[in-house]
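Here's a quick tour for anyone meeting this protein for the first time. Take a look at the sequence and the model, then read on.

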Amino acid sequence: MTHNAKHRTALYPGTFDPMTLGHLDILKRASRLCDRLVVGVAINRSKNPLFPLSERVEMVENVVEPFRDRIEVEVLPFEGLLIHFVENVGANMIVRGLRAVSDFEYEFQMAGMNDRLNPDIETVFLMADPQFQTIASRLVKEIARLGGDVSQFVTPEVELRLKDKFT
């Protein structure tokens with residue numbers, strides 16, 4: 001498919017370890033802003049992920065399936081500089097979710113640096129729905145590890161995968 005000026009491609013990057021309902025909310029809303037959505041699953045060795053890359057990609061693939069009726073969606077792993085990945089997939093916007101003011105400072109710096117590296121790429125911030133503002137993958141993993149109920153934070157598939165990891 002050719003990417004002309006009217007074709008809006010958004011990239012939603014993340015580690016997605018695991019994918020939460022907050023991530024899904026941002027995905028749904030991002031899918032309304034573009035014709036093609038690329039979900040970039042980061043290979044981030046410093047974060048020491050619970051789920052291997054292949055499993056994180058698979059979980060995201062399962063979650064985005066319903067969007068494919070409406071828009072083109074690709075789930076791709078990536079490593080290295082985000083702006084290079086954005087350019088490689090032909091995206092013209094980066095979508096980031098914001099939960100709290102604490103997210104904003106880091107995201108603001110990243111957006112500024114990315115703008116300096118490539119001013120043609122826009123960063124679009126979507127505020128998390130209030131019901132998802134407190135959900136963080138790291139906290140979900142901790143609750144699951146300690147035997148707590150994570151069903152209100154993740155899809156049933158992710159809940160099962162977390163139970164498998166910790167039992």
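## The big picture

Of the 167 residues in the protein chain, 46% are buried, where buried means under 20% relative accessible area, exposed means over 50%, and partly exposed is in between (1.4 Å probe, protein chains only). Bear in mind that this is a predicted model: local features need pLDDT of at least 70 and side-chain atom pairs count only at pLDDT 80 or more, while totals for chains, interfaces and linings use all residues. Residues are numbered from 1 along each chain as its sequence is written, and side-chain values use heavy atoms, with hydrogens and water left out.

**Overall fold**

- You'll find 6 helices and 5 strands in the protein chain; these are DSSP runs, numbered from the N terminus, with helices being H or I of at least four residues and strands being E of at least two.
- Walk along the sequence and the pattern reads β-α-β-α-β-α-β-α-β-α-α.
- The protein chain is as compact as a globular protein of its length, because its radius of gyration is 16 Å, close to the 15 Å that the globule rule gives for 167 residues. That radius is taken over C-alpha atoms, and the rule is 2.2 Å times the number of residues to the power 0.38.
- Along its principal axes, the C-alpha trace spans about 50 × 35 × 30 Å.
- Looking at contacts between residues at least 6 apart in sequence, 75% join residues at least 24 apart; a contact means heavy atoms within 4.5 Å.

**Strand β2**

- β2 is largely enclosed by the rest of the structure, because 7 of its 7 residues are buried.
- R36, V38, G40 and A42 point one way from this strand, while L37, V39 and V41 point the other way.
- β1 and β2 pair in the parallel sense over 6 bridges; strands count as paired if DSSP finds at least two bridges between them.

**Helix α1**

- This helix covers residues 21-30 and is mostly covered itself, with 7 of its 10 residues buried.
- The buried ones are G22, H23, L24, D25, I26, L27 and A30.
- What does the covering? The elements over the buried residues of α1 include β1 (9-14), β2 (36-42), α2 (53-64), β4 (93-98), β5 (122-127) and α5 (137-145).
- T20 caps the N-terminal end of α1, with a side-chain oxygen 3.2 Å from the backbone nitrogen of G22.

**The loop between β1 and α1**

- Most residues other than glycine have a negative phi, and most peptide bonds are trans.
- F16, which lies in this loop, has a positive phi of about 50° although it is not a glycine.
- F16 is also buried, with a relative accessible area of 3%.
- P18 sits in the loop between β1 and α1 too, and the peptide bond from D17 to P18 is cis, with omega near -5°.

**Aromatic pairs**

- There are 4 aromatic pairs, counting rings of Phe, Tyr and Trp (its six-membered ring) whose centres lie within 6.5 Å; planes under 30 degrees apart are stacked, over 60 edge-to-face, and the rest tilted.
- Y12 and F16 make an edge-to-face pair, 5.3 Å centre to centre with 70° between the planes. Y12 is buried, at a relative accessible area of 4%.
- The pair of F78 and F85 is stacked, because the ring centres are 4.5 Å apart and the planes are at 10°. F78 and F85 are both buried.
- F104, F108 and F125 are linked into a cluster by ring pairs.

**Two lysines to find**

- K141 belongs to helix α5 and is buried, with a relative accessible area of 18%.
- The side chain of K141 makes a polar contact with the side chain of D17 at 2.8 Å. A polar contact is a pair of N or O atoms within 3.5 Å; within protein, one must be able to donate a hydrogen and the other to accept it, and residues adjacent in sequence count only if both atoms are side-chain atoms.
- Leaving aside neighbours within four places in sequence, K141 is in contact with D17, P18, L50, L162 and F166.
- K165 is in helix α6 (residues 156-166) and counts as partly exposed, at 34% relative accessibility.
- With neighbours within four places in sequence again left out, K165 touches L50, F51, P52 and E55.
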